[in-house]
Amino acid sequence: MYPKTTIEPLVLGPEGEFQVVDEPVDLSAYRVEDWLSFVFFWVLASTVFYQFFTRYALNNSASWTEEIARYLLICVVFIGAVVGVRKNSHIHVDILYRLMPPRLARPLCQLVDWVRVAFYGYAAFLTYQLMQKIGHQQMAIVDWPIGLIYGVVMLGFIFMCIRAVQVARR
């Protein structure tokens, strides 16, 4: 059979005291888009919880929560996508790069990076144009301009473009 072991030497120090050393928390890996998407996510979660509570506990649903939750989800997606661009972790097909010789794969990878930069820049420009045309219109239930949401989308595309340039230069 197995030898008897105890867990005490693993968690107790030489004098029998409990000792655990926590590693220091390092927040330097997080950037502004991480924190902004974190805030949007928790405001979204709070809104959805409030909607659930008013609908099922109070039997009187708050009408504004569905629309605001939809717009907050859009904000989470477009600001959260910046994190994916920065980490270069968006889903992409890389089998072609693996099958190609390195002397051909490297220029193709750089071309794809710069096409991505151009796409994000153009998408930011188109979002700006859309904001100029319909950004002053009011939301359906809440009397706020819809341009606020398009502004967050445009900010997301601008950040994605900046982060894509940084990835391409790396």
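User: Where do D113 and R116 lie relative to each other?

Analyst: Both residues belong to helix α5 (residues 102-134), where D113 and R116 are 3 residues apart, or about one turn of the helix. A helix here is a DSSP run of H or I with at least four residues, a strand is an E run of at least two, and both are numbered from the N terminus. This is a predicted model, in which local features need pLDDT of at least 70 and side-chain atom pairs count only at pLDDT 80 or more, whereas totals for chains, interfaces and linings use all residues. Residues are numbered from 1 along each chain as its sequence is written, and side-chain values use heavy atoms, with hydrogens and water left out.

User: What makes the pairing of D113 with R116 a salt bridge?

Analyst: The term requires a side-chain nitrogen of Lys or Arg within 4 Å of a carboxyl oxygen of Asp or Glu. The closest N and O atoms of D113 and R116 are 2.9 Å apart, so the pair meets that limit. In general, side chains of opposite charge can pair when their charged atoms come close.

User: Why are D113 and R116 called buried?

Analyst: Buried means under 20% relative accessible area, exposed means over 50%, and partly exposed covers what lies in between, for a 1.4 Å probe and with protein chains only. D113 has a relative accessible area of 10% and is therefore buried, and R116, with 18%, is buried as well. Elsewhere, salt bridges that share partners join E33, D34, R86 and R163 into one network.

User: What makes D34 and R86 a link between separate parts of the chain?

Analyst: The side chains of D34 and R86 meet in a salt bridge, with an N to O distance of 2.8 Å. D34 lies in helix α2 and R86 in helix α3 (residues 64-87), so this pair ties together parts that are 52 residues apart in sequence. D34 has 12% relative accessibility and therefore counts as buried, and R86, with 11%, is buried too.

User: Why are R70 and E66 called partly exposed?

Analyst: R70 has a relative accessible area of 43% and E66 has 46% relative accessibility, so each value falls between the limits for buried and exposed. Their side chains meet in a salt bridge at 3.6 Å, N to O, and the two residues are separated by about one helical turn, being 4 residues apart in helix α3. A search of the whole structure finds 5 salt bridges.

User: What makes T65 a buried residue, and which residues is T65 in contact with?

Analyst: T65, which has its place in helix α3, counts as buried because its relative accessibility is 0%. Contact means heavy atoms within 4.5 Å, and T65 is in contact with T47, Y50 and Q51 when its neighbours within four places in sequence are left aside.

User: Why is S37 called buried?

Analyst: S37, in helix α2, has 11% relative accessibility and therefore counts as buried. With its neighbours within four places in sequence left aside, S37 is in contact with V76, I79, G80 and V83.

User: What makes the largest pocket a pocket, and which residues are closest to its centre?

Analyst: On a 1 Å grid over the protein atoms alone, a pocket is an open set of points with protein on both sides within 12 Å along at least five of seven lines, whereas a cavity is a set where a 1.4 Å probe fits but cannot get out, and lining residues have an atom within 4 Å of a point. Grid points are joined across faces, edges and corners, and the volume is the space filled by probe spheres set on the points. The largest pocket holds about 340 Å³ of space. It is lined by 16 residues, of which N88, C109, D113, R116 and V167 are the closest to its centre. The elements giving two or more residues to this lining are α5 and α6 (147-169), and α5 gives the most, with 6 residues.

User: What is the overall make-up of the protein?

Analyst: The secondary structure comes to 6 helices and 0 strands, and buried residues make up 29% of the 170 residues.
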